[in-house]
Amino acid sequence: MLSFRQPFRSVSNRVSRSLSSKGVGVVALKEAFRERLDDARNQSLVGGGKERIAKQHAGGKLTARERISLLVDPGSFREYDMLKTHRCNEFGMDKNKHYGDGVVTGHGTIGGRKVFLFSQDFTVFGGSLSETHAEKICKVMDMAMRVGAPVIGLNDSGGARIQEGVDSLAGYAEVFQRNVDASGVVPQISMVMGPCAGGAVYSPAMTDFIFMVQRSSYMFVTGPNVVKTVTMEDVTQEELGGADTHTTLSGVAHGAFSNDVEALRALRELYAYLPLNNKEGPPVVPTEDPRERQEESLNYIVPDDPNIPYDIKTIISKVVDENTLFEIMPEYAPNIVCAFARMEGRTVGIVGNNPMHLAGCLDIASSVKAARFVRFLDAFNIPILTFVDVPGFLPGTAQEHNGIIRNGAKLLYAYAEATVPKITVITRKAYGGAYDVMSSKHLKGDYNYAWPSAEIAVMGAKGAVEIIFKGKDVEARTTEYTDRFTNPMVAAERGFVDDVLEPSFTRQRLCEDLELLRNKEVTRPWRKHGNIPL
């Protein structure tokens, strides 16, 4: 058996010399080749070798192959290019080759549904990307596009393979181009399970979802040493680009998990909500949760006092199947909730203002978070259910100076552009421009409902009265204004809401509407693409 430290073709050369000296025949040559082939496959299976695997385990990380075996259904994985090696001859690299070249690629199934994936192997050259490493990734992405199946990348790489220079950079660009080509065609998911630095970060950034593993993964364009040299800032890798940073501050990642096993289990759960491609509908899962189920508690859950907060997730969970949500970006911009759920076994996307945080106001972070999610739902034929309790856009110089106008417009654009079924329920406040933005009837919402507790107005009663009556007789006028406008009656009279719905009947009504809208068709004017305010 060839040690992983020995030169790549030592066994081949040794056997060939032996056979030549003995003048053996073709049969013996073929037997010798099979021996070399088996040996090469065995080398590929151990990646960088047992010592490096042990070091990977000691750091609390699984190997590339172990991750795949946990992610896909048992026995379903078929590997591609197991014997591929790099072609670099610079800096002694011709004597340092590993079969597979630091990435395991192929296809398998998750829950019986096909998936293409690549898993970078940190035990081989630190998972660095070479020209051939990139070719392997591109091959699975091309195949995924060809057959219409999602792509999952398990990232664990130190970045570009420096010894290959521009060949490595060209490899990254080839991957980037395929990320763009696949966008909106097949779902793309990145699970960052180790380092992801430099140009390597831009491939996950263009995928639909990015997840990270706490304390063992990080993402940044420039590392701590470069940051210190340029800006004189002392910062650790974790502070600069760890899971907590990207799930709470930057919004780069959509979720984080405590270890590899938990992360892969969650990835399987998410996968069950997604369609395979943009030509298929969402998957259907059997459920015993009937559409007629009524939740009486919904009739009392919204406080009468508009200044008392409540958790919109409590309402949402009581409406959807089995009270189950898969939340996206739960720690980032919690004033808006984005989640996958099911109604009568069919996937839906949920967007809801959450009064428990910033009173449910829309700000820059929540607008961008929800806009990105809405566009994913629309790209992959997933109906959108919107729960509204929004007092407006968050005021302040920080919001204005950082572009709340442009960023708030992203959510407006996303909702207006979406052609999938759109159903909206206003639970309490729907004030000002934020009312328009949150999938209002005016943005071609299919069905828009209000609960009796809804308040649909330009602004709150007190502020409106002070402006209209210039501070005169405020108390009496506020009572008058409240009686006239802080309820859904005017909107219902105008047809801006289709019905004032008893909260306990919400599930049944939404299920009926979703069934009716299942074959919805919308014709749009031809255009190359819109110009969303990025």
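User: What do buried, partly exposed and exposed mean here?
Analyst: Buried means under 20% relative accessible area, exposed means over 50%, and partly exposed is in between (1.4 Å probe, protein chains only). This is a predicted model: local features need pLDDT of at least 70, side-chain atom pairs count only at pLDDT 80 or more, and totals for chains, interfaces and linings use all residues. Residues are numbered from 1 along each chain as its sequence is written, and side-chain values use heavy atoms, with hydrogens and water left out.

User: Is Lys-444 buried or exposed?
Analyst: Exposed, because the relative accessible area of Lys-444 is 55%.

User: Where does Lys-444 lie?
Analyst: In the loop between helix H16 (432-437) and strand E15 (447-450). Helices (H or I, at least four residues) and strands (E, at least two) are DSSP runs, numbered from the N terminus.

User: What about phi of Lys-444?
Analyst: Phi is near 65°, a positive value in a residue other than glycine. Most residues other than glycine have a negative phi.

User: And what is phi of Glu-322?
Analyst: Near 55°, a positive value too. Glu-322 sits in the loop between helix H12 (312-319) and strand E10 (326-328). Its relative accessibility is 45%, so Glu-322 counts as partly exposed.

User: New topic. How many residues has the largest nonpolar core?
Analyst: It has 66 residues, and Ile-152 and Phe-340 have the most contacts inside it. Helix H13 (residues 364-379) gives the largest share of this core, seven residues. A nonpolar core is a set of buried Ala, Val, Leu, Ile, Met, Phe, Trp, Tyr and Cys residues joined through side-chain atoms within 4.5 Å.

User: Which residues does Ile-152 touch?
Analyst: Among them are Leu-71, Phe-116, Ile-189 and Tyr-271, not counting residues up to four places away in sequence. Contact means heavy atoms within 4.5 Å.
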